[in-house]
Amino acid sequence: MLTFHNPLHHGHAPVHEFFRGERVPCFEKPARADYVEAALKARGHALQAPEQNSSAVLGQVHAPRYLAFLREAWAQWLALDAGNAACQPFPSVWPVRTLRSDVEPDNFVAKLGLYSMDNGSPLAEGTWVAAKAGADAALSAAMRVAQGLRAAFCCTRPPGHHAGPDFMGGYCFLNNAAVAAQGLRNAGAARVAVLDVDYHHGNGTQAIFYDRADVLFASIHGDPRTEYPFYLGHADETGAGQGEGFNLNLPLPAGTPAPAWFAALDSACARIAGHRADALVVSLGLDTFEGDPISRFALASGDFFRVGERLARLGLPTVFVLEGGYAAAELGTNAVNVLEGFEGAG
Ligand code: OKP
Ligand code: ZN
């Protein structure tokens with residue numbers, strides 16, 4: 001499958017995240033994408049550098065002040081205190097209910113709270129450059145599909161589906177799947193569907209398209225009562241305004257075995273077929289794998305071929321965008337199994 005990779009992802013390499021207040025090594029690490037690239041090459045899939053500039057499309061899915069913040073973030077962090085080059089920034093204050101989020105403070109770590117949904121999305125020196133190149137790769141895949149290719153894959157990190165209109169979160173900064181979907185709309189697709197199969201609900205993608213009828217968002221994920229992102233992803237979130245009926249959440253309990261997961265995939269595919277979409281974007285998280293260290297579904301490596309086969313049966317031009325998956329050494333096998341399952345059923 002034609003794959004656009006992110007040649008700049010290594011610049012996003014924060015050292016630690018927090019678990020129960022303690023520093024632990026980042027789960028979302030450069031080796032993840034390296035493993036996927038290695039598996040793609042080993043199995044004969046060509047890798048290409050991004051060939052589109054996503055700046056304009058980013059402006060359609062993210063708020064201008066958030067994009068400006070992210071672009072300047074590392075420089076502002078360095079300017080805050082001497083010695084910050086060797087440290088990781090951490091938000092100081094989050095503007096929760098009753099606090100104002102319309103006024104952007106000057107203090108960088110306060111601003112970081114304004115634009116963060118969690119304490120677990122560390123910034124590094126190369127975060128903006130890496131995230132921007134990933135969005136460029138996602139748009140590149142979408143444009144090839146818009147031009148008639150059956151399918152393309154965007155192999156990138158950091159992931160994107162938790163990043164909302166004006167916030168980062170869950171290791172995500174720019175919403176690559178939203179960029180792909182909006183790019184397809186701009187290129188003439190009247191209706192687009194985004195299917196998110198990552199273990200974690202794609203709250204950012206849902207938020208970006210929640211009041212729109214042109215982009216259907218469907219997601220299969222761990223029940224937010226017990227799983228990240230906790231504050232979105234329930235079944236009663238069906239869309240708002242014009243977008244009412246164009247959001248489908250299929251939360252499943254942690255520990256759900258593969259057969260029930262595939263039944264949910266059938267339900268999501270039925271809804272997507274009903275949307276009469278012109279194109280499909282798949283937020284391809286592989287953390288549904290039984291060996292994932294931070295997730296609790298039970299797909300085996302061989303099951304991922306069936307995921308690709310089922311998606312191919314929708315018969316839609318399809319853009320795959322890499323999201324999560326933290327069993328790094330198996331990530332490449334699992335990702336390429338989906339892509340080859342899709343191509344084999346094509
Ligand atoms: C991103 B994606 C584990 C903390 C997990 C957030 C998980 C984000 C997942 N100790 N924190 O959807 O795969
Ligand atoms: Zn995930």
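Which residues coordinate the zinc ion (ligand 2)?

1. The model is predicted. In it, the zinc ion (ligand 2) is coordinated by Asp198 through OD, His200 through ND1 and Asp287 through OD, at 1.9 to 2.0 Å. Because water is not among the atoms, the site may look incomplete.

2. Along the sequence, the donor residues of the zinc ion follow the spacing D-x1-H-x86-D. Distant parts of the chain are linked by the pair His200 and Asp287, which stand 87 residues apart. His200 belongs to the loop between strand 6 (192-196) and helix 7 (203-209), whereas Asp287 belongs to the loop between strand 9 (279-284) and helix 9 (303-312).

3. The surroundings of ligand 1 comprise Glu17, Phe19, His161, His162, Gly170, Tyr171, Asp198, His200, Tyr228, Asp287, Gly324 and Tyr326.

4. Polar side-chain atoms approach oxygen atoms of ligand 1 from several residues. For His162 the separation is 2.6 Å, for Asp287 it is 3.0 Å, and for His200 it is 3.2 Å. On its own, ligand 1 has 400 Å² of accessible area, of which the protein covers 87%. The space that ligand 1 takes is the largest pocket.

5. Two cis peptide bonds deserve attention in review. One runs from Arg157 to Pro158, with omega near -5 degrees; Pro158 is placed in the loop between strand 5 (151-155) and helix 6 (176-186). Another runs from Tyr228 to Pro229, with omega near 10 degrees; Pro229 is placed in the loop between strand 7 (215-222) and strand 8 (247-252).

6. Arg20 has a phi near 50 degrees, a positive value in a residue other than glycine. Its position is in the loop between strand 2 (16-19) and strand 3 (22-25).

Note on methods
Residues are numbered from 1 along each chain as its sequence is written. Chains are lettered from A and ligands numbered from 1 in the order in which they are written. This is a predicted model: local features need pLDDT of at least 70, side-chain atom pairs count only at pLDDT 80 or more; totals for chains, interfaces and linings use all residues. Side-chain values use heavy atoms; hydrogens and water are left out. A residue is near a molecule or strand if one of its heavy atoms lies within 4 Å of it. A polar contact is a pair of N or O atoms within 3.5 Å; within protein, one must be able to donate a hydrogen and the other to accept it, and residues adjacent in sequence count only if both atoms are side-chain atoms. Accessible areas come from the Shrake-Rupley method with a 1.4 Å probe; for residues, only the protein chains shown count as cover. On a 1 Å grid over the protein atoms alone, a cavity is a set of points where a 1.4 Å probe fits but cannot get out, and a pocket is an open set with protein on both sides within 12 Å along at least five of seven lines; lining residues have an atom within 4 Å of a point. A molecule sits in a cavity or pocket if more than half of its atoms lie within 2 Å of its grid points. Donors are N, O and S atoms within 2.8 Å of the metal (3.2 Å for Na, K and Ca); water is not among the atoms, so sites may look incomplete. Helices (H or I, at least four residues) and strands (E, at least two) are DSSP runs, numbered from the N terminus.
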